[in-house]
Amino acid sequence: MTVTHLEVLVEEPSAETALSLLLPKMLGNVSFKIYPHQGKDNLLRKLPNRLRGYADWLPEDWRILVVIDRDGECCDELKQRLETMAAEAGLATRSKSRKAWRVVNRLAIEELEAWFFGDWIAVRKAFPRVPESVPSQTKYRDPDAIKGGTWEAFEQILKKTGYFSGGLRKIEAARKVAELMEPARNSSASFCALRNVLSELSSSVSLQHSG
């Protein structure tokens, strides 16, 4: 089945901003629409009803992507919670059915800003005064293992170099970095997991067109 459209559910406007710039780089001809929520709790509270609604009308060639921050939660427990919500709505997930899935759940570990640490070249283009050496420092080497919150770490680095002295403006930062990011070079494992599934969707369209 060729996928033509992706419905994307995210927890906040900064994720919407970033993905609105990143998805066209990874989805090719697949269209998409992003629905931001008022935080993680708001998304998790509304998700069961939204998924049940989708189950009633979702076209066969549409898919649903849920992107949520892990924050301090256990990855497996949060992922299972999302998987259970989809199953209870009657929607197969990619984790359970590679060929017939309707929903794919992806975690930003531990937050969206980990994906920015994964493409420090883009960050330096957006904010030239930040040190080039950041990715080589032990505490930042693995973007998905940064302690104490990735947005806090990102804010601290930017403030030290004269950006966002009044506090990180997350939507503005997301826009500036995401428009310069190259998905293929990102070193965040959680971003790569997202990139890989989007590549599958894009490839399905390419194969259909070439056939």
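The model is predicted, so local features need pLDDT of at least 70 and side-chain atom pairs count only at pLDDT 80 or more, while totals for chains, interfaces and linings use all residues. Residues are numbered from 1 along each chain as its sequence is written, and side-chain values use heavy atoms, leaving out hydrogens and water.

**Nonpolar cores**

- The largest nonpolar core holds 49 residues, of which W115, F127, F154 and L198 touch the most other members. A core here is a set of buried Ala, Val, Leu, Ile, Met, Phe, Trp, Tyr and Cys residues joined through side-chain atoms within 4.5 Å. Buried means under 20% relative accessible area, exposed over 50%, and partly exposed in between, with a 1.4 Å probe and protein chains only.
- Helix α1 (residues 13–27) gives the most to this core, with seven residues. Helices are DSSP runs of H or I with at least four residues, strands are E runs of at least two, and both are numbered from the N terminus.
- A second, separate core has 19 residues, including L47, Y54, L78 and A89.

**Helix α1**

- The 15 residues of α1 reach 20 Å from first C-alpha to last, close to the 21 Å expected at 1.5 Å a residue (1.5 Å times one less than the number of residues).
- There is a kink of about 30° at L21, shortly before the proline P24; the bend is the angle between axes fitted to the seven residues ending there and the seven starting there.
- Among the buried residues of α1 are S14, A15, L22 and M26.

**Cysteines**

- You will find zero disulfides here, a disulfide being a pair of cysteine sulfur atoms within 2.5 Å.
- For C74, the nearest cysteine sulfur is that of C75, 6.5 Å away.

**Salt bridges**

- The count is nine salt bridges, each a side-chain nitrogen of Lys or Arg within 4 Å of a carboxyl oxygen of Asp or Glu.
- K40 pairs with D71, their closest N and O atoms being 3.3 Å apart. K40 lies in helix α2 (residues 40–57) and D71 in the loop between β3 (62–69) and α3 (75–88), so the pair ties together parts 31 residues apart in sequence. K40 is buried at 9% relative accessibility, whereas D71 is partly exposed at 23%.
- In the bridge between D119 and R185, the closest N and O atoms are 2.7 Å apart.
- E12, E113 and K170 are linked in a salt-bridge network.
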